[in-house]
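Subject: Structure handover

Hello,

The structure is below, followed by notes on what was found in it. Please read the notes with the coordinates open.

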Amino acid sequence: MADKGMTLKQLAKAAHVSEYTAARYAKAGGNGTPTTLYKIGRALGVKPSSLVLVRQ
């Protein structure tokens with residue numbers, strides 16, 4: 001989001017999700033439903049899979 005120069009509000013609007021959902025995603029580091037990840041990925045211009053946080 002920061003790399004794209006977007007605020008949380010702009011991301012939420014571009015992804016067609018609530019600000020709450022966008023904030024929860026940003027805070028959780030990629031924890032979201034596949035639909036939400038797809039929408040946010042599209043809004044950011046990246047593959048949704050690149051948004052998933054893998055914990056080992």
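Which residue follows helix 3, and what is its phi? Helix 3 is followed by Gly-45, with a positive phi near 75 degrees. Helices here are DSSP runs (H or I, at least four residues), numbered from the N terminus.

This is a predicted model: local features need pLDDT of at least 70, side-chain atom pairs count only at pLDDT 80 or more, and totals for chains, interfaces and linings use all residues. Residues are numbered from 1 along each chain as its sequence is written, and side-chain values use heavy atoms, with hydrogens and water left out.

Helix 3 spans residues 34-44, and its buried residues (under 20% relative accessible area, 1.4 Å probe, protein chains only) are Thr-36, Leu-37, Ile-40, Gly-41 and Leu-44. These lie on the same side of helix 3 because they cover an arc of only 130 degrees around the axis, taken from the directions from the helix axis to the C-beta atoms. The face turned away from that side carries Pro-34 and Arg-42, both exposed (over 50%).

In helix 1 (residues 8-15), Leu-11, Ala-12 and Ala-15 are buried. Their arc is only 100 degrees, so they share the same side of helix 1. Lys-9 and Lys-13 are exposed on the other side. After helix 1 comes His-16, whose phi is positive, near 60 degrees.

Regards

How values were computed:
Helix = DSSP H or I, 4+ residues; strand = E, 2+ residues; numbered from the N terminus.
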